[in-house]
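Let's take a look inside this protein and see how its side chains pack. Here is the structure.

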Amino acid sequence: MSTSTLQILRPGLVDYREAWEEQKRLHDAVVAGSQPDTILLLEHPSVFTAGKRTEPADRPFDGTPVVDVDRGGKITWHGPGQLVGYPIVKLADPIDVVAYVRRIEQLLIDVCAEFGVTAERVEGRSGAWVRADDRGPDRKVAAIGIRVARGVTQHGFAINCDCDLDNFGRFVPCGIRDAGVTSLSQELGRPVTVADVLPVVEKHLPTLL
């Protein structure tokens, strides 16, 4: 499927390293002009990935293996019940990485709104956040970690649908110690699955472009 000039691939449940290799292949093809702008929308088996700014103290407390990757940001968890999006898109000149991140944030905020969850930006922190209330501190419902090379993006975003949030208790998510992590299901008190969220994300993909 494609939306405007963005090709959408939905490979299902894919091992993280396998998906990373596919990202690299697509990235080379988009750079070369032999492939249109493309996004992978998928789930991963449970895995921890660490961006370039990850500190030793952020890593899992139980010695769980971590995949070190070339994106920005710190450590995060991916796994079942979380929709991950990897846009491989050519940015317009002059390249403005911050503006691209803001577009991803807007997409995530708009998707949350469709389910009745009010998410917003938090100054100095990427992603989509539910602000502090009587149920807890600021909590991240969707995370962003990207890389731009040769004018084309890699990595992307992850939105927590109905994943097991206990996984985020095994390390310091994104190196942030004074906030929490949540999911659409947690906020709404009812199951919201990846299958529910996928078409809504697809609808809002033009925001990226």
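This is a predicted model, so let's begin with one residue on the inside. Leaving aside neighbours within four places in sequence, Val 197 is in contact with Leu 83, Val 111, Phe 115, Ile 159, Cys 161, Leu 184 and Val 192.

As for the largest nonpolar core, 36 residues make it up, and Ile 159 and Val 197 have the most contacts inside it. At least two residues each come from a set of elements that includes strand 2 (6–13), strand 10 (139–149) and helix 4 (194–204). Helix 2 is the top contributor, giving eight residues.

Is Glu 105 buried or exposed? Glu 105 is buried, at a relative accessible area of 1%. Its side chain makes a polar contact with that of Arg 102 (3.1 Å). Not counting residues up to four places away in sequence, Glu 105 touches Arg 121, Arg 125, Ser 126, Gly 127 and Ile 144.

Now for the rings: the structure holds two aromatic pairs.

| Pair | Centre to centre | Angle between planes | Type |
|---|---|---|---|
| Tyr 16 and Trp 20 | 6.3 Å | 50° | tilted |
| Trp 77 and Phe 168 | 5.4 Å | 75° | edge-to-face |

Trp 77 sits in strand 6 and Phe 168 in the loop between strand 11 and strand 12, so their pair ties together parts 91 residues apart in sequence. Tyr 16 and Trp 20, by contrast, both lie in helix 1, four residues apart. The charged end of Lys 24 sits over the ring of Trp 20, 4.2 Å from its centre.

Key:
Residues are numbered from 1 along each chain as its sequence is written. This is a predicted model: local features need pLDDT of at least 70, side-chain atom pairs count only at pLDDT 80 or more; totals for chains, interfaces and linings use all residues. Side-chain values use heavy atoms; hydrogens and water are left out. A nonpolar core is a set of buried Ala, Val, Leu, Ile, Met, Phe, Trp, Tyr and Cys residues joined through side-chain atoms within 4.5 Å. Buried means under 20% relative accessible area, exposed over 50%, partly exposed in between (1.4 Å probe, protein chains only). Contact means heavy atoms within 4.5 Å. A polar contact is a pair of N or O atoms within 3.5 Å; within protein, one must be able to donate a hydrogen and the other to accept it, and residues adjacent in sequence count only if both atoms are side-chain atoms. Rings of Phe, Tyr and Trp (its six-membered ring) pair if their centres lie within 6.5 Å; planes under 30 degrees apart count as stacked, over 60 as edge-to-face and the rest as tilted. A charge sits over a ring if NZ of Lys or CZ of Arg is within 6 Å of the ring centre and within 35 degrees of the ring normal.
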